[in-house]
Amino acid sequence: MRGVETRIQEIRHRIFREVARMAYHTEWPVDKRIEELPYKIIPGEVGNFRNNVFLERAIVGERLRLAMGLPYRSAANHAPLSEGIELADKAETYYTPPLINIIKFACHGCVEKRVYVTNGCQGCLAHPCSEVCPTGAVKIDKESGFSSINQEKCIKCGRCANVCAYNAIIVQTRPCAASCGMDAISSDENGKADIDYDKCVSCGQCLVNCPFGAISDKSQIFQTIRAIQSGDRVYAAIAPAFVGQFGPKVTPGKLRAAMKALGFADVFEVAIGADLCATQEAFDFLDEVPEKLPFMGTSCCPSWSLMAKKVFPDQAECISMALTPMTLTARLIKKQHPDGKVVFIGPCSAKKLEAMWTEVRSEVDFVLTFEEMAGIFDAKHIDIENLEEDPNGVNDASTDGRNFAVSGGVAKAVVGVIKSQYPEREVKVMNAEGLADCKKMMTIAKAGKYPGYLLEGMACPGGCVAGPGTMQNIKKSQGAVNQYAAKATHGIAIETESVKELDKLVK
């Protein structure tokens with residue numbers, strides 16, 4: 001749950017901070033330091049989280065490797081943590097699959113699904129639970145009147161839970177699997193969670209919904225810092241969902257000052273890329289729907305677009321081919337600074353997946369989440385809230401571009417551009433949040449029920465502000481983004497200066 005500082009967030013923050021410190025302290029031998037870190041992060045002889053200090057350190061060790069961008073090893077591997085550590089210190093180290101990893105010995109092995117009676121049962125006279133059960137799995141104890149469920153007969157339909165007046169019967173599902181809209185998570189031979197990578201689209205919802213912190217993605221914290229240290233001019237591209245993520249008093253100007261204190265050459269709002277994306281999609285929509293395509297889906301969320309192409313291959317051409325805001329912003333930066341490197345900083349694990357694609361690799365050099373950046377700021381003891389404002393901290397982006405971060409914002413921006421050019425044109429819109437609902441929307445569109453529509457898909461319920469790399473309460477983030485967006489000097493995407501560069505960027 002974003003906005004709540006749990007033990008999982010605490011341990012993740014420690015790991016990100018220590019990886020950043022390891023990068024900054026170039027006098028430390030990295031192979032030796034990574035072996036020491038589990039003992040620094042989990043000190044003493046008693047575990048803090050699982051009451052098993054050895055298990056905790058083993059889990060921290062694999063988290064450290066993943067945070068360094070290194071492969072995960074199972075408990076069956078006998079090798080030091082520093083195995084392959086030299087791979088983390090290469091100048092052109094990209095994310096390598098799999099991006100999302102389950103640390104099997106951290107997994108609780110939750111039951112995939114079960115229905116059972118709690119001690120909240122009152123032994124009522126009606127017992128509707130027994131009456132509605134289609135298999136006779138619910139039995140009533142004649143002496144106590146309490147219900148029980150024969151698990152061998154139960155088909156997990158949940159009807160008994162629905163009719164219980166006391167809510168004494170509950171349906172439990174494995175949290176990571178329940179949050180996966182791709183049905184990509186099942187159990188392995190040991191009952192541990194397992195990811196089908198042919199289905200997975202790296203949305204990261206399993207990562208934030210696992211209450212045991214057994215799922216982690218890879219990071220480029222170390223590589224980003226080393227690139228800055230090498231003398232490269234490294235530019236930060238900050239996603240529109242950044243507002244409020246680093247504290248309520250952190251303005252764009254203060255964030256820009258903080259990024260420069262870390263050694264970044266400059267900072268750009270990805271909202272300018274959102275303006276470019278909205279404009280490109282608007283003109284594509286006008287050109288193709290409904291004459292060439294029955295409907296068009298937006299392109300900015302890589303998990304949504306990848307899901308649509310995997311599950312609905314016959315409708316793949318209906319997903320916009322427009323470049324994403326991340327890629328367009330990176331191209332704009334490299335057009336102005338040909339020798340520079342670009343770090344996308346945002347809420348999203350799927351952007352790490354997008355950066356692995358061959359056609360994007362040359363544009364985006366590194367991808368970090370807000371949560372990972374917080375670890376870097378902590379490692380350098382930067383108190384962002386008390387920094388002086390950098391007067392050039394705000395880019396010339398539109399209200400609609402900044403609102404890309406909130407569900408419904410992408411479609412609104414595209415429609416805004418269309419209406420500015422053709423006020424009489426009616427554009428019907430449908431949007432979905434979460435991949436399960438996105439699949440339902442595409443199923444309806446495939447059936448011909450959304451003729452001429454613009455479909456907006458977001459893998460994260462709530463939009464980008466709900467991404468797995470965020471730290472703030474989702475509703476609070478939505479409000480903060482809306483408030484900041486309202487301050488933009490332009491209302492719609494096509495009014496901004498950066499849009500003049502669109503033709504040069506998409507060639």
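Colleague: What share of the 507 residues in the chain is buried?
Modeller: In this predicted model, buried residues account for 56% of the 507 residues in the chain.

Colleague: And how much accessible surface does the chain have?
Modeller: The accessible surface of the chain is about 22200 Å², and 51% of that surface belongs to carbon and sulfur atoms.

Colleague: What does the secondary structure come to?
Modeller: The chain has 20 helices and 15 strands. Its radius of gyration is 25 Å, close to the 23 Å that the globule rule gives for 507 residues, so the chain is as compact as a globular protein of that length.

Colleague: What does the C-alpha trace span along its principal axes?
Modeller: The trace spans about 80 × 65 × 40 Å along those axes.

Colleague: Let's turn to the sheet; in what order do β11, β14 and β15 come?
Modeller: These three strands form an open sheet in the order β11-β15-β14, with parallel pairing. The edge strands, each pairing on one side only, are β11 at residues 296-297 and β14 at residues 429-433.

Colleague: How many bridges join β14 and β15?
Modeller: There are five bridges between β14 and β15, which covers residues 454-458, and the two strands pair in the parallel sense. Glutamate 433 stands opposite methionine 458 in β15.

Notes:
Residues are numbered from 1 along each chain as its sequence is written. This is a predicted model: local features need pLDDT of at least 70, side-chain atom pairs count only at pLDDT 80 or more; totals for chains, interfaces and linings use all residues. Side-chain values use heavy atoms; hydrogens and water are left out. Helices (H or I, at least four residues) and strands (E, at least two) are DSSP runs, numbered from the N terminus. The radius of gyration is taken over C-alpha atoms; the globule rule is 2.2 Å times the number of residues to the power 0.38. Buried means under 20% relative accessible area, exposed over 50%, partly exposed in between (1.4 Å probe, protein chains only). Accessible areas come from the Shrake-Rupley method with a 1.4 Å probe; for residues, only the protein chains shown count as cover. Two strands pair if DSSP finds at least two bridges between them.
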